[in-house]
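Hello,

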Amino acid sequence: MNAFVAAFLAQDGLSNGAIYCLLAIALVLMFAVTRIIFIPQGEFISYAALSYGALREGRVPGTVGFLLVLAACTVVLDLLGTSAGMRMASLRRLPRRVAPALVLSALALLSARLHLPAVVDALITIAMVACMGPMLFRIVFRRLAQASSLVLLIVAVALHLVLLGLGLYFFGPEGVRTDPLFDMNFVLNGLPIKAQTLVILATCLVLVGVLFVISERSLTGKALRAAAINPIGARLMGISAELSGETAFLVAAFIGGVSGVLISSATTIYYDSGFLLGLKGFVAGILGGLASFPVAAIGAIGLGLLESYASFYASAFKETIVFSLIIPILLWRSLAQPGKGAH
Amino acid sequence: MAIVALIIAAPFVLGDYQLALLTYVGLSAIAALGLVLLTGKAGLSSFGQAAFVGIGAYVSAILTLRAGWSPWTTLPVSFQGAGACAWAGALVVVRLSGHYLSLATIAFGVAMFYLFGGLEITGGQSGLSGIPPLSVAGTAFTSAVPSFVFVWAVLLACIAMLANLLDSRMGRAIRALKDGDLMAEAMGIDTDAAKTWSFVIACVMAGFVGWFYAHFQRFVNPTAFSLGQGIEYLFMAVLGGANMLWGAVAGAAIVTLLKPLLQATLPGLLGMTGNFEGVVFGLLVILLFQFAAEGLLPRLQRLTGGSSITPRPIHPGARLPAGPTASASLVVEGARKSFGGIVANADVSLLVNSGEIVALIGPNGAGKSTFFDLVTGVTKADAGRFLLNGQSIAGRTSREIARLGIGRSFQHVRLITEMSSLENVALGAHRRGIGSMLAGMLRLERREEQALLAEAQAQLDRVGLADCAWLAAGSLALGQQRILEVARALAGDPQILLLDEPAAGLRLQEKQTLAHFIRSLRDDGLGILLVEHDMDFVMTLADRVVVMEFGRIIASGTPHSVQNDARVQEAYLGAAE
């Protein structure tokens, strides 16, 4: 281990850490607004990476069909489960609900045909994954608004299994590794630095900053947090719990989409890579008590670095080390805030 | 009983393949059963059950393969391995709750999976093969029948033991854990010990499953003990009904039998290959929680009008011996407690003797409930002397204070809604029994249990709720629930009784009956400290009244003198400006 290797590992660690950071802040946002510990966040990443890879190769990804099916389900649910008066409102909302899915599907087909540039493909992918979020909320979680966070966790795990199985069906068992969006390399003190790494870090910083400011300083952010703490009270104040749920899922899915597109050039992503990434994002999120964005971000970067150096010294046990860390962290967290982990 | 008959008949009717499948059902059911105890009853959800199965399996596999032990002798070692890890794990489990605990078990499951796959001695990712099978008297368990019989015999034994346990004093203690520690500790239950024991029992059962699996399958690799498998065990418990022991069997049967069915039919049905069992199970669980959150069996039970409570005969003569009836006194001097900048209690002094009723009244936010929490050990006071019969109780836990003779009811009713009223009251008598978990499982403490239940029945008779003995506590009206809490507090044979708004939610007639009852308790020699808002109720009932406002005592004396006190009138009604 000399300075060069250390710096190399550091770059690797920072790059991974930034992805974990994006994951962590999505998870913290999700929990802060909906009390759901959103295990399937990793699936957003793998779906994004694999869809982007498919588009780059001129194939139409299975996500397109999935989006259309989800849109159809939301429409059916809207029409079914409400009173006659609400049904009219649902019909009026129908175009708005279905339009994004249709437009994006059309764009995806277009891109596969015409081989549009990478940036356009990336944007389409991110939009598709972001679109999935609110629809998944509507179908799976909206009925469970009153459930304890434990039930929500179990349902989130179930959703993860569903998305995992569907992912295998949509994308097959092969992995994908795309060309980087920003294909430039710098050399700093003899150490090659990829522009992609810098972009990931920059995105991470920007998103953390934005989320932190919105959640702490703006009325919207506070309204979203209020809806999680006390849904009935929030509703009395005119804050819609459904709207906040859909917003949270939209933002989390968007972050997942961005992460997936960015990470697809760094490592090979398979249909099941998302789960492990998601869990590591958790370790970081838990550091901040699933409440603080900056702490989660710093923890994620630290985790990436730890994992990088651990893989150098004891690669077979890299995962064991990382996950064994969660338990002392949870202990420390729950001692710091007694009773916080309760329903 | 029908199930037992089916099991006895099965080996004669079914072929080897079906018997092997049912053996797996039985094995999974044992693992899921542990989770029913841990998650369904004690409220500690664990995704790590598969990791403990793995520990049991690998310990036995390594010892039989590398050290040549016989499989039967590795069974206790598997138990100990799983148990030791569970004990260590319990140190964590006890501190965490809710989703923090789930996350810890997820992390544990993942960490163990990679540990199993990374170590040399466990054979790495390819695992260990050629594990010797179980054998009895020289004949190996190679055919399907002995394995099937063995596993299901153990499963039935486990169900019987757990049913006994849940029926006993410690079982009630475990069931009290679900709603949080506050009420359980106030009844004198050692919640840390109860949680630890639940965890150890569940993990030892998992250890057995692992041990048998290793010698039945004769091959182990990490995939069988991954987080996915742990999730599957939890799903089994939840699907069948995590609150019912037979739910584990139902869930295990559904999942284990459905999987090969799906694997066989789905590809043909959908015309494509892929791993769809996961999708189907995920969808099943999602639908389950949206429409039948308690699980399939309880839903069926409700649909058919059954109830989970079965009445049992009580022998009234078998009551517990009552404690000494010496006179008692509770003395508080200068109690002080602040939360951040708010001083909830400042220099509060109070005295309650046996045979008197003291009422603590005051506007909302005066600090009355905080004071209760200080006296009962729920919150630690910043300063002040708290003496019970001359002995200091400051800084003691609520469990210790309960055992010293202070009983209480709660402002927001804390009953176990699915348990019968009688058992809820019996919970109050927990500290008067000594039966352990093992005794409970083996039904060795029946006499003590009879005494506890008789005590509970007597208290129910005393408060006038004898008719409700076998109704679920959650089905009672709020007023009756409050009185049930009083009965529960009385079951602990206290010397001083603290009642937090016992009359809230009662109608006039009921309040009069309650007042009459409280007076009879005083005449029996109890000292009673009462927080109430209803002035009529308090003034006709109390011997002395203490008035608090903004954390301080502003008046104290007989009801008449307090009513005419100008400061009290100002606090309640406001002064003329």
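Below is what I found, going from the whole complex to some details of each chain.

Please keep in mind that this is a predicted model. The predictor gives the complex an ipTM of 0.82 and a pTM of 0.84. For chain B, the mean pLDDT is 85, with 95% of its residues at 70 or more.

Let me begin with chain A. Its secondary structure consists of 14 helices and 2 strands. The radius of gyration of chain A is 20 Å, close to the 20 Å that the globule rule gives for 343 residues, so chain A is as compact as a globular protein of that length. If you look at contacts in chain A with a separation of 6 or more, 79% of them are between residues 24 or more positions apart.

Now to where the two chains meet. Here 36 residues of chain B are in contact with 40 residues of chain A. On the chain B side, the elements giving two or more residues are α5 (98–118), α10 (227–240) and α12 (276–291). The most comes from α5(B), with 14 residues. By class, this side of chain B has 23 nonpolar, 12 polar and 1 charged residues.

Within chain B, helix α4 (residues 71–93) is worth a look. At 1.5 Å a residue, its 23 residues should span 33 Å, and the end C-alpha atoms are 31 Å apart, which agrees. Several residues of α4(B) are buried, among them Gly81(B), Ala82(B), Gly83(B), Cys85(B) and Ala86(B).

Chain B also has an open sheet of 4 strands, in the order β6-β5-β8-β9, with antiparallel pairing. At the edges stand β6 (342–353) and β9 (391–392) of chain B, each with a single partner strand, so one side of each has no neighbour in the sheet. Strands β5 (residues 329–339) and β8 (residues 383–388) of chain B run antiparallel and are joined by 5 bridges. To find one residue pair there, go to Val332(B), whose bridge partner in β8(B) is Phe386(B).

Enjoy exploring it!

Best wishes

Key:
Residues numbered from 1 in each chain as written. Chains lettered and ligands numbered in written order. Predicted model: local features only at pLDDT ≥ 70, side-chain atom pairs only at ≥ 80, totals over all residues. Rg over C-alpha atoms; globule rule 2.2 N^0.38 Å. Contact = placed C-beta atoms within 7 Å. pLDDT = per-residue confidence, 0-100. Expected span 1.5 Å × (residues − 1). Buried ≥ 20, exposed ≤ 12 C-beta atoms within 10 Å, placed from the backbone. Nonpolar A, V, L, I, M, F, W, Y, C, P; charged D, E, K, R; others polar. Pairing = 2+ DSSP bridges.
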